[in-house]
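Have the structure open while you read.

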Amino acid sequence: MKRDLQFMLTALFLGSLSQHVLAGNWWERDFQTENVYMGSADGSGTWGSFYVHGCNPHNPWHVGVGGGVVRAGAQSFRFENRPGQMRGDCNYHLAEYGERTELTAGATDRPGNDAWYAWSVYHKDFRFIGNGAPTHGQFKTVGAGHQYLFFRMDESRGMVADFNAFEGWAGSQVVIPKSQVSNKWNDIRVHAKWSTGTDGLIQIWVNGVLKVDRRGRNAIDNDPILFRFGIYKSDTHRVTNNVAQVVYYDEVMRGGSCESVSQFMACPGGGGSTGTGTGSSDSADGSTASIFETYVNTYGDLNAAFNNGLKPGKT
């Protein structure tokens, strides 16, 4: 009996080991047929977990979660683009016209939703490319691919908000000037009342300053609206100086109120937090931002944290 038990345990162990080996590394999996999740890097509000874009390349360094350069907490997302090494399995990319390293949020929104979003971004020794404007964050629809709001890197102006499906590139607005992009944390907050009618609203704050206040229709139909972030270079055959880019994202949040996502800037009607306010790459242990992050990780929304009796400064 003892020998049989040992044999069974050995068989189970070897079987488990075999399955683990056969499973391979995460970057070798088929991103187009399965969702490969990268976690939430210490907190995502109501986004849930984030998964690898189906067209990402199959290498271990294009995206990861770790410490080092962080806005708050212990982890951030790191994205790296190396020209000529970013080909995934998508036909568009195989045609050598696109290079992508992106994550997609697990939740979506629809017209009628009143949603708040926030994230912090750090462009490491950033170099702009000529004759191209990479996308570093996008709201688009799941089915038809309507491009509602893109955050793009314009070589002459900096980061711009591009309402591609409506005003087009000519109507894009600067949210981070070129001189303020590199080697610092920039905190971004978006308030969107998604609508196919005239009551739509998109407001964008950067580092506490309102940069965009767009009123009117911001959705074409009822197709779900997703959020992606990372680095996407399209039409690279037109680019004059395709250089490597490294970008960190942290505190990528979604919630139902300004207070539920605002760690580093005050809300229009009060509330929210200015956090550390330093924009440094050090974690903010013991700060308002750290307390906020703990609450959101536990309850998913700051309002829920307060409803459960937690207040800043208390445990």
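Let's begin with Tyr122, which is buried at a relative accessible area of 10%. Keep in mind that this is a predicted model. Trp185 is buried too, with 2% relative accessibility; both values fall under the 20% cut-off for that label.

Tyr122 belongs to strand β5 (residues 114–124) and Trp185 to strand β10 (residues 185–193), so the pair ties together parts 63 residues apart in sequence.

## A stacked pair

What about Phe227 and Phe229? With ring centres 5.8 Å apart and planes at 15 degrees, the two make a stacked pair. That label follows because the angle is under 30 degrees. Phe227 and Phe229 are both buried.

## Arginines over tryptophans

Rings also turn up with a charge over the face. Arg82 sits over the face of Trp61, 3.7 Å from the ring centre. Arg189 does likewise with Trp205, here at 4.3 Å from the ring centre.

Is Asn218 buried or exposed? It counts as buried, because its relative accessibility is 1% and the cut-off is 20%. As for its place in the chain, Asn218 is in the loop that runs between β12 (209–215) and β13 (225–234).

Which backbone atom does the Asn218 side chain reach? It's the nitrogen of Ser195, at 2.7 Å. Leaving aside residues up to four places away in sequence, Asn218 touches Lys193, Trp194 and Ser195, then Gly200, Leu201 and Ile202, plus Tyr148 and Phe166.

## Gly271, a partly exposed loop residue

Gly271 is another loop residue, placed between β15 (265–266) and β16 (272–273). Its relative accessible area is 40%, so Gly271 is classed as partly exposed; that label covers values between 20% and 50%.

Which residues does Gly271 touch, not counting those up to four places away in sequence? They are Glu259 and Ala266. If you want a distance to check, take Gly271 and Ser260: eleven residues apart in sequence, they are 9.6 Å apart in space, C-alpha to C-alpha.

Conventions: Residues are numbered from 1 along each chain as its sequence is written. This is a predicted model: local features need pLDDT of at least 70, side-chain atom pairs count only at pLDDT 80 or more; totals for chains, interfaces and linings use all residues. Side-chain values use heavy atoms; hydrogens and water are left out. Helices (H or I, at least four residues) and strands (E, at least two) are DSSP runs, numbered from the N terminus. Buried means under 20% relative accessible area, exposed over 50%, partly exposed in between (1.4 Å probe, protein chains only). A polar contact is a pair of N or O atoms within 3.5 Å; within protein, one must be able to donate a hydrogen and the other to accept it, and residues adjacent in sequence count only if both atoms are side-chain atoms. Contact means heavy atoms within 4.5 Å. Rings of Phe, Tyr and Trp (its six-membered ring) pair if their centres lie within 6.5 Å; planes under 30 degrees apart count as stacked, over 60 as edge-to-face and the rest as tilted. A charge sits over a ring if NZ of Lys or CZ of Arg is within 6 Å of the ring centre and within 35 degrees of the ring normal.
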